[in-house]
Amino acid sequence: MNNVVRFPYTTWRTRPDDPHLRPVVPLLLSSRIKGIETQALVDSGSDANVLPQSIGIALGLRWSSFPHRQGIGGAILTGESRVVPLQIQIEGLPSVLLNFVWVEDDKPPLILGTASFFFEFDICFFRSRGYFEISPKQL
């Protein structure tokens with residue numbers, strides 16, 4: 001599957017006063033228990049994939065069932081977190097298993113960061129043209 005899938009930049013507010021266009025991708029996010037359709041921010045500035053608390057709960061995850069990890073820091077937060085493997089499926093692309101940092105907070109959005117998402121896919125941002133593209137990694 002060598003598809004290149006194009007997505008428009010989307011007005012997506014992380015705060016009420018923040019109407020900027022963002023690279024947001026619709027996806028199916030699945031645990032071993034349940035899957036949900038949602039959207040994630042594709043963030044080349046984030047080292048980790050981030051899973052907000054409420055989405056983890058919606059996936060049927062239990063906080064105590066996953067290994068502890070120090071806080072992720074950065075602009076998001078520095079509290080406790082867990083490492084959680086989840087399957088993602090983006091239409092037109094292969095399904096992949098990625099590790100997420102599940103944070104005990106809903107401030108951060110669902111984020112696809114560089115530590116694993118960018119290892120599985122090639123991402124090209126064309127901000128001036130209003131779109132970004134995702135394709136499977138080339139070996």
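**Exercise 1.** Find out which kind of contact joins the side chains of Glu133 and Arg6, and where the two residues lie.

Solution. Begin with the distance: the side chains of Glu133 and Arg6 meet in a salt bridge, at 2.9 Å from N to O, the term standing for a side-chain nitrogen of Lys or Arg within 4 Å of a carboxyl oxygen of Asp or Glu. Helices (H or I, at least four residues) and strands (E, at least two) are DSSP runs, numbered from the N terminus. Finally, Glu133 has a relative accessible area of 17% and is buried; buried means under 20% relative accessible area, exposed over 50%, and partly exposed in between (1.4 Å probe, protein chains only).

The model is predicted, local features need pLDDT of at least 70, and side-chain atom pairs count only at pLDDT 80 or more, while totals for chains, interfaces and linings use all residues. Residues are numbered from 1 along each chain as its sequence is written, and side-chain values use heavy atoms, with hydrogens and water left out.

**Exercise 2.** Decide whether Glu80 and Arg82 are buried, partly exposed or exposed.

Solution. The two side chains form a salt bridge at 2.7 Å, N to O. Glu80, at 33% relative accessibility, is partly exposed, whereas Arg82, at 11%, is buried.

**Exercise 3.** Determine how many salt bridges the rule gives.

Solution. The count comes to four salt bridges, including the one between Glu120 and Lys137, whose closest N and O atoms are 3.9 Å apart.
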